[in-house]
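Please keep the structure in view while reading.

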Amino acid sequence: MDKIIIHGGHPLAGSVKISGSKNSALPILAATLLTKETCVIQRVPDLSDCHYMLQILAHLGADVERASGIVTVKAEKVNCVAPYEIVRKMRASICVLGPLLGREKEATVSLPGGCVIGDRPIDLHLRGFQALGAAVRVHGGNVKVFAPSLQGATISLKGKFGTTVLGTDNIMMAAVLADGTTAIEDAACEPEVVDLANFLNKMGAKIEGAGTARIVIEGVKELHGAEHEVIADRIEAGTFLIAGAIAGKEVTINRVRPDHLSAVTDALRACNFSVYGTNGSLSICANGTTKSLDLKTQPYPGFPTDMQAQMCALLSTAAGESSVTESIFPQRFMHVSELKRMGATIELDGATAKIRGVDTLSGAPVMASDLRASAALVLAGLLAEGTTEINRVYHIDRGYEMIDEKLGELGARIERVKV
Ligand code: EPU
C-alpha cells in the first residue's frame, strides 16, 4: 500500500494538464454495452475506477482494449450478470444496469453497499426502471431488473437529497432503446450527464434537454458504434485551482472547461483570489489574505459536493469564520477529524462544518478515508509546516491521475513511497 509524503510550504508555479473526467468516463464506458459495434472512447483517465469498469465490461463479455487514454470496446454479445466480486470495488458499477436492461431487457448486478460518505441507496434508479415497465427483485445481495419490453414513460427523479446523477444516467441508458418517448423530470444537470447524452446521440439515440431538469428521450430500435472524447475532469481541475490558491504564486490549469467550474471559481474569487483565463485554461493567484466564506453544496450548477472537502482545507487558514454545509451527502465530513489533527479548528454541527481560520497547519501522519477527503489532505499537506504523511493513498488513485507527479511538476515536494 503506497503512501504519499509532502514537505509543506513550497510554492507552486507553472501549468498542469487536466485529465479526462472520471465521472463522465465511467457511465460512457458502461454505455458501450448498448451496441454490438465498436466504440472508441478517448481521454479515459488512467485511474483504478476506470480499470474496474473495464474489468466489468470484460466480465460481461465485451472485448476491451486500452492504449494510453484510448479505450476500444466491442460488446458483440453480453451476459447480464455482474457479480459481487467484480462490482464491490466501485459503487459506480451500478451504471451497467441501465444499458444491460436497455439492450437485453434483463440485468443482475450486486447491490452496492453504503460507503464512508454515507448511505447510498439506489431507490430512484429502481423507481425509474419500474416506470419503464421493468420488474425489480432484490435477493441475495443482488438486484435483478427485467422486462419483456420497455415502454417510454414520464419519470421524476426527485429524492430526499435532490436528484441523482448516476440514476439519471441509468434511466437515460435504458430509455434509449425503449418503445416510445421517455421524459425524465427533475433530472441531474451535471456536465457529465450531458457528456453521456452526447455520446449516446452519436450512437444514434434521440435525446434532448440533457443539461436541464427535463430530458426527453425518443426510443430507437438499435444503436451503433461511435467515437467520443471525454470532457475534462472539473473536480480534478477545481482541486488544482485550490492547490494554486493554497500554495501557488501563479498556477494555470490547461485543457479545462471554465464554464463547468463557475461555482468553484466564484467561491475562490469570494475568498480573495484572482482567477482568470481563456477558453481552455484558467489561472489563479493570491491577492493577500484569504477571506472566509459561507458555502453550501448543491447540485450543478451549484458548488459541487465533490469539492467540499478541498474547500474545507483551504478555509482552515482563511481569516475569520467560515461555514461549509453539505446538502447532498450530509455525512461527508471524514476529512474533518484528520484536518483537525493537522491543527485546523473545525466544529461539526449536523451537516455544517464551522471553520475558524488558524495561522497555519502543521504536518502530521494522516489517513485517507475516501477520494475527495484524501485530496483535501494532500492540499492541507501543501499548506502545512513540516511533513505530512498520507496513508491509504489508493483512495486518491481512484480519482486523480498522477496527482503526485503533477504537483511535483508545479514545484511541490511530494513523494510516493511503496510500503
Ligand atoms: N440518492 C437517493 N436515491 C438514489 C440515488 C441517490 O436517495 O436512488 C441520494 C444519495 O444518497 C445522495 C444524493 O441522492 O444523497 C445524490 O446522489 P447521486 O445519486 O447524485 O450520486 P451518484 O450518482 O451515486 C455521482 C458521483 C459522485 C458525486 C455525486 C453527486 C459518479 C461516479 N459519482 O454519484 O462522485 O458526489 O454524483 O454529485 O459520477 C466522487 O467522484 O468522489 C463522487 C463521490
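## Strand 7 and its partners

Two strands are said to pair if DSSP finds at least two bridges between them. The model under discussion is predicted. In this model, strand 6 (residues 81-82) pairs with strand 7 through 2 bridges, in the parallel sense. Within that pairing, V81 has T108 of strand 7 as its bridge partner.

Strand 7 (residues 106-110) is also joined to strand 9 (residues 142-146), here by 5 bridges, and these two strands run antiparallel. Strand 7 is mostly covered, with 4 of its 5 residues buried.

Strand 1 (residues 2-7) and strand 23 (residues 387-391) run antiparallel and are joined by 4 bridges. In this pairing, H7 is found opposite T387 of strand 23.

## The sheet containing strand 10

Another open sheet of 4 strands has the order 10-11-13-12, again with mixed pairing. Its edges are formed by strand 10 (154-156) and strand 12 (206-208), each of which pairs on one side only. The twist here averages 15° from one strand to the next.

Strand 10 runs parallel to strand 11 (residues 181-185), and 3 bridges join the two. S156 stands opposite E185, a residue of strand 11.

## The nonpolar cores

In soluble globular proteins, nonpolar side chains tend to be buried together. The largest nonpolar core of this model has 76 residues. Which of its residues touch the most other members? They are V96 and L200.

Which residues does L200 contact, once its neighbours within four places in sequence are left aside? The contacts of L200 are A31, L34, M172, M173, V176, A205 and I207. Apart from this core lies another, made up of 72 residues, including A267, A318, I346 and L410.

Notes
Residues numbered from 1 in each chain as written. Predicted model: local features only at pLDDT ≥ 70, side-chain atom pairs only at ≥ 80, totals over all residues. Heavy atoms only, no water. Core = buried A, V, L, I, M, F, W, Y, C linked by side-chain atoms within 4.5 Å. Buried < 20%, exposed > 50% of the residue type's maximum accessible area, 1.4 Å probe, protein only. Contact = heavy atoms within 4.5 Å. Axes fitted to C-alpha atoms, helices over the stretch in contact; angles between N-to-C directions.
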